[in-house]
Amino acid sequence: MKKIIKKLGLSEYIFVVLFGLFLLISRHFNLNLSGKIERNFWLFFSEMITFLPFMFILVGIFDVWVPREKVEKHIGRESGIKGIVWVILLAMLQAGPLYGAFPVAYLLWKKGCSIRNIFIYLGAFPTLKIPMLTFEIGFLGLKFSFLRTLFTLPIFILIGFIMEAYLKNKQFQVKQP
Amino acid sequence: MILLLIITAIALIISFILDSKRTIAGIKKGLNMFVNILPSMLNVLILVSVFLYLVPNETIVRWLGKGSGLKGISIAAGVGSISLIPGFIAYPLASILLKSGVSYEILAVFITTLMMVGVLTLPVESKYFGLKVSIVRNFLSFLGAIIIGLLIGLFL
């Protein structure tokens, strides 16, 4: 039994272990290629580790407190335009890269959010986050940011509708990894 | 980031006051999910680090600066879909691209694919939605990004 666990653990992390070995070896031989890769990795790792655990804890807390009926009523199958507005607002208030949206999508799904709204949420999350928008306006100007938002909005709402139609009779579920 | 920390802290405190057992169950649930996804997440971070080493910012500037029109859009869409550059790097990079003469149209395609399409994050995404659905979502977002770029090109 222990062996199996050990094997499983190792296989999931095998890539990470190899990467670590690669960094050690190239450091030992003083190859300068690893320096930049290592710096990149720590940059992304620190970005991930400073927000993802909190995001998951929030998801867990939300999970134990918020009843399914409430969520279902607001963003479930019968929620209509109001539901769309709710998930977009939720997405706008968040921060972090797209992969941070997946656990939230899982939770929303579990609590009865409709397929359409799940995918609208996934579209709004990376494109309409307020912290990101302020950044965008600063670097590319208000006009660009405004137009991009204006065109992006109907597109990912449409994607939500397409995904809903596509997955209608397919017993789709969002899994907990 | 700090906001998230504050919100989490406040939620935890309120939750603890109301029901400590339930709170602990919630935290456990959340951390469990985190631990389960961690290996895939680390793999993605490694892929991205290696990718950005192989294709540094200067290369992206050179590629996107080269083409205009259809060719430029295809290059921007391709590079944007594959790379996973965090916003705090992507926007300064986009502003450099703008100054070096890249059109708004191409920038919009690049930025939108960067945000909505993630080829390198597919291993993580497919753990939640399944591989096929993830591919469909990414493909639709890819098409959407090109439409958004073309529309922006009409106005800017």
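**Entry 1, a serine to start from.** I began with B:Ser20, which lies in helix H2 (residues 20-54) of chain B. I kept in mind that this is a predicted model. Is B:Ser20 buried or exposed? I found 10 other C-beta atoms within 10 Å, and a residue with 12 or fewer counts as exposed, so B:Ser20 is exposed. I then looked across to B:Ile148, which is 128 residues away from B:Ser20 in sequence. In space the two are 48 Å apart, C-alpha to C-alpha.

Next I turned to helix H8 (residues 131-155) of chain B and checked its length. Its 25 residues, at 1.5 Å a residue, should span 36 Å, and the end C-alpha atoms are 36 Å apart, so the two agree. I listed the buried residues of H8(B), among them B:Val133, B:Arg137, B:Leu140, B:Gly144 and B:Ile148. What covers them? I noted that the cover includes H7 and H9 of chain A, along with helix H4 (69-82), helix H6 (104-116) and helix H7 (122-129) of chain B.

I looked at how H7(B) meets H8(B): the axes come within 7 Å and cross at roughly 120 degrees. That angle makes H7(B) oblique to H8(B). The crossing is right-handed. On the H7(B) side I found B:Leu122, B:Glu125, B:Ser126 and B:Phe129, which meet B:Leu131, B:Val133 and B:Ser134 of H8(B). Sorted by class, this contact has four nonpolar, two polar and one charged residues.

H8(A) brings A:Leu133, A:Glu136, A:Ile137 and A:Leu140 to the contact, and H9(A) brings A:Leu142, A:Phe144 and A:Ser145. I counted five nonpolar residues here, with one polar and one charged.

How many residues of chain A are in contact with chain B? I found 65, facing 63 residues of chain B. Several helices of chain A each supply at least two residues to that side, including helix H2 (14-28), helix H6 (101-110) and helix H9 (142-167). H3(A) gives the most, with 24 residues. By class, the side of chain A that touches chain B has 50 nonpolar, seven polar and eight charged residues.

Technical notes: Residues numbered from 1 in each chain as written. Chains lettered and ligands numbered in written order. Predicted model: local features only at pLDDT ≥ 70, side-chain atom pairs only at ≥ 80, totals over all residues. Contact = placed C-beta atoms within 7 Å. Helix = DSSP H or I, 4+ residues; strand = E, 2+ residues; numbered from the N terminus. Nonpolar A, V, L, I, M, F, W, Y, C, P; charged D, E, K, R; others polar. Expected span 1.5 Å × (residues − 1). Buried ≥ 20, exposed ≤ 12 C-beta atoms within 10 Å, placed from the backbone. Axes fitted to C-alpha atoms, helices over the stretch in contact; angles between N-to-C directions. Parallel < 35°, antiparallel > 145°, perpendicular 65-115°, else oblique. Left-handed = near helix turned anticlockwise from the far one by under 90°.
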